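Thank you all for coming; I would like to walk you slowly through one structure today.

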Amino acid sequence: MFQHLFHPTDFSPASNVAFAHALKLALATGGPLTILHVVGDGMEAPRSSFPHVRRTLAAWKLVDGDSRPEEVARLGIAIKKLEIEGGDPAKAIAQYLEGRQMDLVVLSTHQHGWLRLGGAPAVAEPVMRSTQIPCLFIPPASDGFVRFEDGAVGLRRIIVPVAREPDPQAAVDAAFALTRLLGPDTIDATVLYVGAPLDAPRLHLPEAPGWTWAQVSLEGSVETTILEVVTDTDADLLVMTTHGPHGFLGALRGSTGSRLVRRCPCPVLAIPRP
C-alpha cells in the first residue's frame, strides 16, 4: 500500500524527523524513497545539506559507520536525492509528482497559521490538493513515532476518527497496513465517531495478534472531541480519510481535517478519497 515513498525536505530539524519516518518505512517496504529539495531560481544548496542516509543507518546499527553504498543497497532500499529549482516550492513539487507513482508523502508541517513545509512558504496544501496522494504529516513539536537517534518505533496507540463520508474504511485499512509494516508487538486502536452511537458507520476491523480495537461514540464538537481523545489517550498517530476533490483535507466535512492537522500533537496520516 505504501511502496513508493516521497519526502520533500527543507533541511530543517523538523524535516529530519520526517526523514526518519520516511526512511524507516522504506526499510519496511523495501520500496524506493525519493528525497526532494526545492531551491530558489538561480540558487544552489550544498549536497551535504541532504539527510545523511548512511550516517542515519549506522546510528540505527544497520550498517557500519564506514559503509559503502553497496551495503545500503543490500538492505533492499533505493534512495534518490534530487534538487530542483522553483520560485514556488509547492508548484515545483506538484510538477515533479505529476505522472510519477508515489504512494505516500512524508513531510513536516508548520502549525501556526497554515500548513507549511518547515519554515518555507505554504507548501503542503497546494501540493496535496493537486496530487491527491496519501500523506503522513509530522508536527514540528513532535518526535513522531520513529526515534531519529536509533530508529526505534514507538507506535502503540492509534485514533481513527470516522464519519459516514468520506469512506471511513479506507482509514481503518491504512492504519492497519502502516502499523503492520512497522511491526510493533501491541496496538490499541480506537475508532472514534462523534455523534449518536446508532449513527456510527459499520466497519470491518482487521484482526492480528497484539491488536485491540475499541469503537467509541461521543457527543460534542467534532474537532474538539477528536483532539481531546488524542490528548487523553496520549495517541501516537491519528488516521483519517479526507475529501479529495473537495479541497485539501476537507475531512469529516468542511475544513475539520485541515484544522486537525494543524492542531494535532501527534502525526496524522491523511488518506484522500473521492
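Predicted model: local features only at pLDDT ≥ 70, side-chain atom pairs only at ≥ 80, totals over all residues.

Let me begin with a question: which residues of β5 lie on one side and which on the other, and are they buried or exposed? Cys135 and Phe137 are on one side of β5 and Leu136 and Ile138 on the other, and all of them are buried, so that both faces of the strand are covered. By buried I mean under 20% relative accessible area, with exposed meaning over 50% and partly exposed anything in between, using a 1.4 Å probe and protein chains only. In a regular strand the side chains alternate between the two faces of the sheet.

Residues are numbered from 1 along each chain as its sequence is written, and side-chain values use heavy atoms, with hydrogens and water left out. The strands and helices I name are DSSP runs numbered from the N terminus, with helices being H or I of at least four residues and strands being E of at least two.

As for confidence, pLDDT is the predictor's confidence in each residue, from 0 to 100; the mean for the protein chain is 84, and 84% of its residues reach 70 or more. Over residues 117-121, however, the pLDDT is below 50, and this stretch has 14 contacts in the model beyond near neighbours in sequence, where contact means heavy atoms within 4.5 Å. Residues 245-254 also have a pLDDT below 50, with 37 contacts beyond near neighbours in sequence.

Now to the sheet as a whole. It is an open sheet of 10 strands with mixed pairing, in the order β3-β2-β1-β4-β5-β10-β9-β6-β7-β8, and two strands are said to pair if DSSP finds at least two bridges between them. The edge strands, each pairing on one side only, are β3 (78-85) and β8 (211-218). On average, neighbouring strands of this sheet are turned by 20° against each other, direction ignored.

Let us look at β4, where five of five residues are buried. Leu104, Val106 and Ser108 lie on one side of β4 and Val105 and Leu107 on the other. β4 runs parallel to β1, joined to that strand by two bridges, and Leu5 has Leu104 as its bridge partner in β4. β4 and β5 also run parallel, with four bridges between them; here Val105 stands opposite Cys135, and Leu107 stands opposite Phe137.

On the next pairing, β5 and β10 are antiparallel over three bridges. Cys135 stands opposite Ala270 in β10, and the bridge partner of Phe137 in β10 is Val268. Pro272 is another residue of strand β10, and it counts as buried because its relative accessibility is 16%. The C-alpha atom of Pro272 is separated by 8.9 Å from that of Ala170, although these two residues are 102 apart along the chain.

Further along the sheet, Thr190 lies in strand β7 (residues 187-194), and it counts as buried because its relative accessibility is 16%. Leaving aside neighbours within four places in sequence, Thr190 is in contact with Ile158, Ile159, Val160, Ala214 and Val216.

Finally, the helices. Helix α4 (residues 89-97) lies across β1, β2 and β3, and runs at about 145° to β2; for such angles, axes are lines fitted to C-alpha atoms, for helices over the stretch in contact, and the values run from 0 to 180 degrees between N-to-C directions.

Helix α8 (residues 256-263) has Thr256, Gly257, Ser258, Leu260 and Val261 as its buried residues, and what covers them includes β5, α7 (222-233), β9 (237-243) and β10.

Two packed helices are described by the angle between their axes and the distance between the axes. How do α1 and α6 cross, and within what distance do their axes come? The axes of helix α1 (residues 13-29) and helix α6 (residues 169-182) come within 9 Å and cross at roughly 80°. That makes α1 roughly perpendicular to α6, on a scale where under 35 degrees is roughly parallel, over 145 roughly antiparallel, 65 to 115 roughly perpendicular and the rest oblique. Lys24, Leu25, Ala28 and Thr29 of α1 meet Leu178, Leu181 and Leu182 of α6.
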